[in-house]
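I opened my notebook to look up a few things in this structure. The entries below follow the order in which I checked them.

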Amino acid sequence: MKLTLVTGLTGLLLLGTIVELLRRRQLREKYGMLWLAVLIIVIPLSLFPRLLDNVAELLGVASGVSLVLFLGIVFLLLVCVHLSWEVSALEEETRTLAEDFALLRAQIDADRAARDELVSTDG
Amino acid sequence: MVNGKRTLIIIPALNESGSIADVVGEVRGELPGVDVLVVDDGSTDRTAAVAAAAGALVAKLPYNLGVGGAMRLGYRYARDNGYEVAIQIDADGQHDPRYVPKLVDLLDDNDLVIGARFAGEGDYNVRGPRRWAMVMLSAVLSRVARTKLTDTTSGFRAANRRVIEMFAAWYPAEYLGDTVETLVHTARRGYRIRQVPVAMRKRMAGTPSHSPAKAMVYLGRAFAVLTLALIRR
Ligand SMILES: Nc1nc2c(ncn2[C@@H]2O[C@H](COP(=O)(O)OP(=O)(O)O)[C@@H](O)[C@H]2O)c(=O)[nH]1
Ligand SMILES: [Mg+2]
């Protein structure tokens with residue numbers, strides 16, 4: 001009973017945090033939706049940890065709780081992979097930005113040099 | 001100038017080299033004295049070059065930011081260069097620039113004017129989940145904006161100086177954020193929104209960004225985005 005209280009409260013606290021972050025626009029829609037979906041699955045499980053016992057038996061897992069732990073770890077791994085993927089995309093984008101910036105600077109320097117040349121030959 | 005107001009036409013474009021020249025040409029022909037800014041959002045075809053040749057000013061983004069990202073760039077340009085009116089038009093030729101003066105007229109008493117199909121003019125039909133999504137969005141957003149809105153995802157919009165300044169500082173790049181969320185945000189801040197019936201034409205070339213198969217997903221996402229927009233501040 002105590003355990004249910006602890007896990008249930010943790011779930012609700014997480015839900016509150018995510019909703020508030022979304023409300024303040026600190027979390028982009030795509031990530032917010034992901035975490036909300038997770039919590040919608042996790043909160044009933046934290047209140048009734050035995051919910052998955054039947055499914056666990058079907059899969060040959062001793063108890064529903066271990067099944068939840070296993071699925072949780074798999075899910076967290078997937079999230080890590082996804083975040084690495086996002087970071088890779090971001091690195092590619094900053095690289096493109098840096099190149100664009102350097103090209104612009106080179107262009108401006110070349111234009112300025114050409115202008116200075118004109119001025120010195122005129123004067 | 002449209003009705004004596006300095007006007008900027010902002011055209012977000014992604015791979016629209018087949019239609020962009022005609023669209024820019026038509027806008028400049030119908031609306032002499034307006035400036036046209038095409039925001040090329042990382043196109044892989046010749047959109048930017050074709051638009052520039054047609055006489056538009058072209059801002060080329062280094063990679064795709066989505067319609068919302070392109071539009072914030074457009075509104076920043078409008079703000080920094082002192083435009084009184086900024087109008088968003090699609091690059092595919094679906095919006096008829098002859099409606100622009102009508103939109104600008106209504107800006108006298110409103111802050112944001114939307115050119116809407118299904119409002120009596122033209123013959124543009126949508127069915128299935130996409131239709132249900134539109135009905136849901138219209139019902140909720142009409143209530144939030146306290147005015148009748150029938151085509152909330154329309155990309156044909158006119159904004160006055162106050163809204164230009166707001167959009168230049170804040171414009172979501174998220175999916176559907178550029179239409180649904182901006183409407184909620186604008187209405188919540190007390191700006192007046194109005195729609196004008198316009199006839200929409202078929203796109204001139206290229207492919208639309210959504211396929212019928214994605215209609216159901218669209219409905220779900222529209223619902224999520226709307227809920228989020230409503231709880232956000
Ligand atoms: N900047 C930018 N424009 C886009 C993007 N996707 C579509 N567009 C433009 O947005 C407009 C509307 O797109 P369209 O596919 O016709 O959508 P629909 O009219 O709602 O069916 C067109 O001018 C497109 O070129 C994008 O990722 N970035
Ligand atoms: Mg279109």
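How many salt bridges are there between chain B and chain A? I found one salt bridge between chain B and chain A, where a salt bridge is a side-chain nitrogen of Lys or Arg within 4 Å of a carboxyl oxygen of Asp or Glu.

**Ground rules.** I am reading a predicted model, in which local features need pLDDT of at least 70 and side-chain atom pairs count only at pLDDT 80 or more, while totals for chains, interfaces and linings use all residues. Residues are numbered from 1 along each chain as its sequence is written, chains are lettered from A and ligands numbered from 1 in the order in which they are written, and side-chain values use heavy atoms, with hydrogens and water left out.

**Chain B against chain A.** Side chains of opposite charge can pair when their charged atoms come close.

I then asked which helices of chain B each supply at least two residues of the side that touches chain A. They are helix 7 (177–188) and helix 8 (215–231); helices here are DSSP runs of H or I with at least four residues, and strands are runs of E with at least two, numbered from the N terminus. Helix 8 of chain B gives the most to this side, with five residues. By class, the side of chain B has nine nonpolar, one polar and five charged residues. For these classes, Ala, Val, Leu, Ile, Met, Phe, Trp, Tyr, Cys and Pro are nonpolar, Asp, Glu, Lys and Arg are charged, and the others, Gly among them, are polar.

I counted contacts next (heavy atoms within 4.5 Å). Here 15 residues of chain B touch 14 residues of chain A. The two chains bury about 1,400 Å² between them, and 50% of it is on carbon and sulfur atoms. Buried area is the accessible area (1.4 Å probe) lost when two parts are put together, summed over both.

**The two domains of chain A.** I noted domain 1 (1–47) and domain 2 (64–123) in chain A; such bounds come from an automatic or database domain assignment. Their C-alpha centres lie 32 Å apart. Six residues of domain 1 are in contact with five residues of domain 2. The side of domain 1 that touches domain 2 has five nonpolar, no polar and one charged residues.

**Annotated spans.** I read the unreviewed UniProt entry, which marks residues 6–22, 34–52 and 58–85 of chain A as "transmembrane region". Such annotations may be inferred rather than shown by experiment. Residues 34–52 of chain A are 74% helix and 0% strand, with end C-alpha atoms 21 Å apart. Residues 58–85 of chain A are 86% helix and 0% strand, with end C-alpha atoms 34 Å apart.

**Salt bridges again.** One joins the side chains of Glu92(A) and Arg95(A) at 3.5 Å, N to O. Both lie in helix 4 (residues 64–122) of chain A, three residues apart, about one turn of the helix.

**Last look.** I checked Glu26(B), which lies in helix 1 (residues 20–30) of chain B. Glu26(B) and Asp96(B) are 70 residues apart in sequence and 8.7 Å apart in space, C-alpha to C-alpha.
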